[in-house]
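Have a look at the model below. We'll go through a helix, an interface and a loop.

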Amino acid sequence: MNEKNLKKKSLEYRKTILEIIFKSGAGHTGGSLSCIDILNVLYNSVMDISPKNFPNLDRDHFIQSKGHSVEALFTVLCDCGFYSKKDLNTLNQFNSHFIGHPTKKVPGIEHNTGALGHGLSVAVGLAICKKIDQKNNKVFSLLGDGELSEGSVWEACTTASKYNLDNLIVIVDRNDLQITGKTEDVNPIEPIDKKFKSFGFETISTNGNNISDLLSVFQHVPVKENKPTVIIAKTTKGSGVSFIENQIDWHHKVPNKDEYESAISELNEKLNSYE
Amino acid sequence: MNEIGKPNLEVFSETLLKEARKNKNIIVVTSDSRGSGKLVPFGKELPNQIIEVGIAEQNLVGVSSGLAAGGKIVFGVSPASFLTARALEQIKNDVAYSDLNVSLIGISAGISYGQLGSTHHSIHDFATLRTINNMTIVAPADNFEAAEVIKQAISYNHPLYIRYGKKPMMDIHPPGTKFKIGKSIVVKKGEDLTIVATGETLQRAYLASEILKKSNIHCSIISMHTIKPFDKKTFIEFSQNSKAILTVEEHSIFGGLGECCASLIAQNNINVKLKILGIPDEYMINGSQADVLDHYNMSPEKIAEISKDLLNK
C-alpha cells in the first residue's frame, strides 16, 4: 500500500478508535492513538498476516504485549477483514469477545495478553519455533515503554539473544507516559537503546507516528544477521488529536460527546487535506 | 510383595526421551533444571529438542507458550516450587487462558527437597492451580502412573501440570491397570473406610491398609492422581458407601485434595466422617521428605491409627 493511502488509513483508524471507545464507554485512548501508525504499517505493508493465512502457522506472527491498547489492534484487524464493523461495535458489551484486552476468541489475535511483561517471552518462543522449523517467517511484538519495568521483559531478551533470533522484531511504543505520569519520573527506564544493546539486540530509533519513517525502518530489519532487533518508536501518547496529546489523564479517559465530536472534526479536517 | 521401583522423576525423563525420539515435535524447555529434571541424557541425545532459558521461570513458561503457539508439543520443566509460584501469572495467562499445549512439569514437588526448606517446597501448587480455569493437575503415585501420564500428555492438547517427587516409589498398580487423566484408580476395595491419596502419599496409604488388615479393618484405597478435573463420580460413590473418608496429601491442608473431598461431601449431603491429612498451616518442621510426612501424621502406622480412631475401633 502506498504511503498516502497509509496516512489516510491512520486518520480513519484514529476516528474508529475514538468512535468505539466513545460508544462503548471504555478504552485506552492515549496508548491506542500512540501505537496506531505502527500497527497500520505492520498489518498493511510489512507483515504476512491475513484472514486467509491466519489459520496456517506458515506466516508472520504478531504479539501485542501492551494489551491495553487493544482498541488500536481491533480497529486494524477489522479493516484487514478479520471481522465486520458490526462485530467490532460489540466492544465491551456483555458476552462480547471484544473486551478490553486481546483474546484469541477474536479472529486475528495471536495470544491472550493484558498483564504486562508477558508478550516478549511468548514471541521468543514463537521465533525459536520458526528457527527449529527452518521457516523464514518473522515474529513481531509491540511493547509499551512503561512495560519495560517488568523484569520478565529482560528475561526474554536474554533468550532472544542466546538463540540468535534475527527473526524477532520488537517495537517499543515510546510515548514517554504511563498511567501515573512520565516514565522517567515513575521509574526511569532510559537509556532504553543501551539496555537492549547490552542484552544483545540491534537497536534502531524512529518516529513511530510518521508513516514514511516507519516504512523505511521496517525495510531494514533485521538489522544484523543472528541478532534480534528492537525498534524504539518515539511516539506521542494520544497522537493525532490536539487536546489528547501528551495528557496523562487520557491514558484511559473516555471522550464525552463534545470531546468526541471535536476530535472527529479535527481528524476530518486532516483527512480533507488529502482530497 | 510390592517392589520398590525408581524415582518417578526418572520414569518421567525416560518416558519423555522415548516419546521424543519418535516425535520430533516434542520440545523440552528447562530453567537450569536439566540435571534436577533427570534430562541430561535427553539433552545429549536430542539437543535440538531442548531449549534452555537459564534461571528464569517466568520466561520458561512464556517461551513454552510461544513454542506451543507455533505448533510444538511442549514440556516446561522446572522445580514445582518456583514454577507454580514465581511463574503463576504466566501459567494463568499464557498457558491456561490462552489454552496452549504445554505440559508443565513440577519437579521435586511437595516437600521432596526436604532440608532445603520452605523456599523449595511446593505445598501450594494444588491450591493455586485449582483456581485457574482450564488447568489440569496430576500427581502420579508410582512408576506406572508416572509413565502413563506423560504418554497421555503428548496428545492432551491442553494445559497440564504434573508434579513429580524424586524418591524411589513402590509399585502399587498390577499389570493391566488402566490409567486415564481425570479418572481415579481404585487400588483396593474394603467395606470399612476409604483412604483417598494422591501422588507419593499413595504408597503410605497402601501400607496403612496392610496394617489395618491385620486388625481386620478393610479399606478401600483410591489413587486420586488427577486433582483437577476431579473424579467426582468415583469419590461420591465411595463416600456414600464408606463409614469414613481419610484423605492424604503432600500439600497444605488448605485448597488441595482434602478440601476438594470435603466440598463434595458437604454439597452432596453425604453423611460420612472425614479427616484430612496434609501439611498444617504452620512454620514447617525441618527434615527429609519422609521424616516430615511422618511428623505430620502421614506414616503408615499413624494413618492406620487415625483410621481406627475414625471408625471408633
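Which are the buried residues of helix 3 of chain A? They are Val70(A), Glu71(A), Ala72(A), Leu73(A), Phe74(A), Thr75(A), Val76(A), Leu77(A) and Cys78(A). Keep in mind that this is a predicted model. Helix 3 of chain A spans residues 70-79, and with nine of its 10 residues buried it is mostly covered. Here are some of the elements of chain A that do the covering:

| Element of chain A | Residues |
|---|---|
| Helix 1 | 3-24 |
| Helix 2 | 29-46 |
| Strand 1 | 61-64 |
| Helix 4 | 85-88 |

Just past the end of helix 3 of chain A sits Gly81(A), with a positive phi of about 95°.

Now for the interface. Chain A puts 22 residues in contact with 23 residues of chain B. Helix 5 of chain A gives the most, with 10 residues. By type, the side of chain A that touches chain B splits into 10 nonpolar, eight polar and four charged residues.

Finally, the loop. Asn246(A) lies between strand 5 (229-234) and helix 10 (257-272) of chain A. Setting aside neighbours within four places in sequence, Asn246(A) is in contact with Thr236(A), Lys237(A) and Gly238(A). As for Thr90(A), 156 residues away along the chain, its C-alpha atom is separated from that of Asn246(A) by 29 Å.

Definitions and conventions. Residues are numbered from 1 along each chain as its sequence is written. Chains are lettered from A and ligands numbered from 1 in the order in which they are written. This is a predicted model: local features need pLDDT of at least 70, side-chain atom pairs count only at pLDDT 80 or more; totals for chains, interfaces and linings use all residues. Two residues are in contact if their C-beta atoms, placed from the backbone, lie within 7 Å. Helices (H or I, at least four residues) and strands (E, at least two) are DSSP runs, numbered from the N terminus. Ala, Val, Leu, Ile, Met, Phe, Trp, Tyr, Cys and Pro count as nonpolar, Asp, Glu, Lys and Arg as charged, and the others, Gly among them, as polar. A residue is buried if 20 or more other C-beta atoms lie within 10 Å of its own, exposed if 12 or fewer, and partly exposed in between; C-beta atoms are placed from the backbone.
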